[in-house]
Amino acid sequence: RLNVSVSLKSTETNSIFVPNIASITLFDCQVHKKCFACAGTGLPCGWCLYNSLCTADALHDCRNGQFANWVEDVGLCPKLSSSEYFWPPGVNNFDFIVSGENLPIPQQAGDAYECIVKVPGGNTFNASATRTSGTGLTCLPSTSVALYFTFVFGLLL
C-alpha cells in the first residue's frame, strides 16, 4: 500500500495552483498469495477461489467472471483443520478424512481435489480426494504414501 498526494499544476504558467488536491492510495492485491492475507487487507481486494489469486477485479480475473467465486471476508476463506489418525497395524493403505470450512464446490464432475501430503524430511505425496461436504474431504493415499508411512513408523517403533 502506498499513499500519495496529488497536486494540480498549470502547464501554461508552470505553477502549482492547487496543492495537495487529494490523497490517493495505490495498492497491488496480487502481492497476497493466500486467502486470509488477501481478504484481510482492508482494501478492495478479494480472493478468487478457483484461481488462487488475490485481485480487485473479480469480473475479469476470477474463473468465468463469477462473483460467487470471489471471497472478500476472511471468515469465508477455505481452511483445513488439524487431525490425528491412528495408523492401523498391518494395513498398507487407508483413507483419511480432512475437516475444513468453506470448501468450494468443484466446478467439474469427479474428483476435483487432491490432498498434498508433506512429511518430515521434505517428501511430498499427492493423494486424490473427494469432497464429502462443505466441511470435509476424504483423502485416498496411493500405495507409495502408505508404504512410506509404514517404513517411517517402523523406524519409530
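Let me start with the surface. Areas are Shrake-Rupley values with a 1.4 Å probe, and for residues only the protein chains shown count as cover. Strand β2 (residues 15-26) gives the patch its largest share, three residues, and Phe17 lies in that strand.

This is a predicted model, in which local features need pLDDT of at least 70 and side-chain atom pairs count only at pLDDT 80 or more, while totals for chains, interfaces and linings use all residues. Residues are numbered from 1 along each chain as its sequence is written, and side-chain values use heavy atoms, with hydrogens and water left out.

On confidence: pLDDT, the predictor's confidence in each residue from 0 to 100, averages 75 over the protein, and 75% of the residues score at least 70. Helix α1 (residues 35-39) has the highest mean, 91, and helix α3 (residues 143-156) the lowest, 50. Over residues 153-157 pLDDT stays under 50, and the model has one contact there beyond four places in sequence; contact means heavy atoms within 4.5 Å. Where pLDDT is low, the predicted coordinates should not be read in detail.

Next, the fold. The protein has three helices and ten strands, taken as DSSP runs numbered from the N terminus (helices H or I, at least four residues; strands E, at least two). Strands pair if DSSP finds at least two bridges between them.

Three strands form an open antiparallel sheet in the order β4-β3-β5. β4 (53-55) and β5 (70-71) are the edges, each with a single partner strand, so one side of each has no neighbour in the sheet. β3 (residues 46-48) pairs with β4 over three bridges, and Cys48 has Leu53 in β4 as its bridge partner.

What do β8 and β9 form? A hairpin, with five residues between the strands. β8 (residues 113-118) and β9 (residues 124-133) are antiparallel over six bridges, and Lys118 stands opposite Thr124 in β9. In the turn, Gly121 has a positive phi of about 100°.

Finally, totals. Of the 157 residues, 27% are buried, meaning under 20% relative accessible area with a 1.4 Å probe, protein chains only. The protein exposes about 10,400 Å², 56% of it from carbon and sulfur atoms.

Technical notes:
Buried means under 20% relative accessible area, exposed over 50%, partly exposed in between (1.4 Å probe, protein chains only).
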